Every structure is written in structure tokens, then in C-alpha cells.
Amino acid sequence: MISLHKATVGTCLQLLPSLARLLDKAEEHCRTLGLPDIAITESRLADDMWPFAKQVTSAVQHSAGAVAAVPTGLAGPDTDPAPGDFTTLRAIVDDGIAFLQSVDAKALDAIGDNMLRFDFRTRHMDFTVADFLLSFSMPSFQFHMTMAYALLRHRGLAIGKADFLGRLSFQR
């Protein structure tokens, strides 16, 4: 049986370090081409989608932010604007990783059946903690991770699937 902690925190800790490395590659790409950070941090695949920087902060919000919220029983979206520089984005990702590394597996697993309300403006969605993490936060995390990766590919970075997947869990 897989634990809630392993399914959520474990997955996030596999992928968020990849996001940190992708930020390094994006910054190197900008420096090599003499571009400002916003050439990538503000890039979008479509006019009505969030830019790269917001994809990054949303990936952290749906991983570390979601796990941090569940003990309170209340969660909501991050409505703050995303920073336009790689240094601040990297710090946000690094802080998310550090927080997730500190999460007590037994404590998270123990609250899986607790109730949680997600509030967004006038809309309220009630979940169990497990349902919130597994049916809302994790798919959203994967979505924003994928969008960040796709935006970098679209901007011409030489990255591939291995840059996205991170460290796999092999049986040795």
C-alpha cells in the first residue's frame, strides 16, 4: 500500500529538484544569448495562459503550499504575481523543496481523512485531505510542471524528458 506522503511529497520531491535545474538551464540560456530574464519568465505558449514564472510558482503552490495548508483544513490559490527573475524563482523552488523534506510522513498520513475546504473568491470546494492532495493538488502540480517544461522547450532550450523526470525510484 502506498502512503499519502509517498504519493504526494515523494512525487513532488522527485520533480521539484528538476524544476530547480531547469531554472538554471533557463538562466544560462538567457545569459548565453544576452537576453533579460523576462525573455523566459514572461513567455507564454498562448496569450491567455500564465507565463513561465507563474507556472513555476504554481507548481510550488500545488506541492509545498498544498501540503503546508492541509493541517489547517483551509486552502486557497496563490494570487500573488510571480517574480520576473531567476534568482527569486529559484529561492521559491528551494524553499518548497526544503519544506517538503521536513514533512513528517506519519503526521501527513494520519490526517488523510480530515476535512479541508478550498476557497477561491465565492467558490468553495470541500475535500478530505487525501482527496484534495490526490485529485486536485497533484494533477495541478503535474500540469504546471509540464507547462514550465513546455515553455522552455518552446523557447529553444535543449532539454528532454530526463530533465523533467528527475531521480527515479529504482529497486536495487
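**Helix pairs**

The axes of helix α3 (residues 52-69) and helix α4 (residues 86-102) come within 9 Å and cross at roughly 20 degrees. This is a predicted model, where local features need pLDDT of at least 70, side-chain atom pairs count only at pLDDT 80 or more, and totals for chains, interfaces and linings use all residues. Residues are numbered from 1 along each chain as its sequence is written, and side-chain values use heavy atoms, leaving out hydrogens and water.

Q: Is α3 roughly parallel or roughly antiparallel to α4?
A: Their axes cross at roughly 20 degrees. Angles under 35 degrees count as roughly parallel and over 145 as roughly antiparallel, so α3 and α4 are roughly parallel.

Q: How many residues of the contact of α3 with α4 are charged?
A: Contact means heavy atoms within 4.5 Å, and α3 brings residues including Phe52, Val56 and Val60, while α4 brings Phe86, Leu89 and Ile92 among others. Asp, Glu, Lys and Arg count as charged. The contact divides into 13 nonpolar, three polar and, for charged, none: no charged residues.

Q: What is the angle between α1 and α6?
A: Helix α1 (residues 4-33) and helix α6 (residues 129-154) pack with their axes 11 Å apart. α1 is roughly parallel to α6, at an angle of about 20 degrees.

Q: Is the crossing of α1 and α6 left-handed or right-handed?
A: A crossing is left-handed if the near helix is turned anticlockwise from the far one by less than a right angle, and right-handed if clockwise. For α1 and α6, the crossing is left-handed.

Key: Axes are lines fitted to C-alpha atoms, for helices over the stretch in contact, and angles run from 0 to 180 degrees between N-to-C directions. Helices (H or I, at least four residues) and strands (E, at least two) are DSSP runs, numbered from the N terminus. Angles under 35 degrees count as roughly parallel, over 145 as roughly antiparallel, 65 to 115 as roughly perpendicular and the rest as oblique.
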